Amino acid sequence: MRGGVVPPALLFAALACMLAFAPRPARLPAALAALVAAVLVAQLPLRPAWVEGVFLGCWASIVATAALVHFPRRLTGRRPLLLGVNAGAWAGATVAIAGTTLDLAKAAPWLALAVPGAWLVATRRGVAVRVVTSWLIAIAVLAAVLPIVPTPGYAPDHME
């Protein structure tokens, strides 16, 4: 879960699910803002020492973005656009620190989940989108916590 296409793809999937609940005029600008922010931030020379903070920010952004499907009335005005920039910035940061720009190109199609998600929300089947976001939240929390929690078998013990 460190590097490659998975972190930005999960972040874009969370953004797409959130955009499914956003007003229609806000969807495309927010998705484009995410892509532009991701490409711009991916070009920055980030320090390797920032890897833990960047990935923690990515996972926290997934949790926050995905959780907003439960508060669709808050997705008005400029909020979807700002959330798109936030998601794009963290996706770009993960690529800048542990990936390639090609990883962003592979992750970008996950933003298209907003189209079937919006259809599900419009036909009163939005619970399916909420289930997907719950899964994304669980994955992000696990990915954030596992590097912090000592896990038996991953560190040398007293028997070695």
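# Chat about a predicted helical model

Me: Where is Leu113 found?
Reply: Leu113 sits in the loop between H5 and H6. Helices here are DSSP runs (H or I, at least four residues), numbered from the N terminus.

Me: And what is Leu113 in contact with?
Reply: Ala13 and Ala16, leaving aside neighbours within four places in sequence. Contact means heavy atoms within 4.5 Å.

Me: Switching to H2, which of its residues are buried?
Reply: The buried residues of H2 are Ala26, Arg27, Ala30, Ala31, Ala33, Ala34, Ala37, Ala38, Val41 and Ala42. Down the axis of H2 they fall within an arc of 165 degrees, so they line one face of the helix. That arc is taken from the directions from the helix axis to the C-beta atoms.

Me: What does that side pack against?
Reply: Helix H1 (6–21), helix H4 (79–98), helix H5 (101–107) and helix H6 (114–122). The face of H2 turned away from its buried side carries the exposed residues Pro25, Leu28 and Leu40.

Me: OK, the largest nonpolar core: which residues touch the most other members?
Reply: Phe12, Leu19, Trp59 and Ile62, out of 45 residues in that core. H1 gives the most to this core, with 13 residues. A nonpolar core is a set of buried Ala, Val, Leu, Ile, Met, Phe, Trp, Tyr and Cys residues joined through side-chain atoms within 4.5 Å.

Me: What does Ile62 touch?
Reply: Not counting residues up to four places away in sequence, Ile62 touches Pro7, Leu10, Leu11, Ala14, Leu136 and Ala140.

Me: Last one: which residues line the largest pocket?
Reply: Leu19, Arg24, Arg27, Leu28, Ala31, Leu111, Ala112, Ala114, Val115 and Ala118. On a 1 Å grid over the protein atoms alone, a pocket is an open set of points where a 1.4 Å probe fits, with protein on both sides within 12 Å along at least five of seven lines, and lining residues have an atom within 4 Å of a point.

Me: Which helix gives the largest share of the lining?
Reply: H2, with 4 residues.

Key. Residues numbered from 1 in each chain as written. Predicted model: local features only at pLDDT ≥ 70, side-chain atom pairs only at ≥ 80, totals over all residues. Heavy atoms only, no water. Buried < 20%, exposed > 50% of the residue type's maximum accessible area, 1.4 Å probe, protein only. Helix = DSSP H or I, 4+ residues; strand = E, 2+ residues; numbered from the N terminus.
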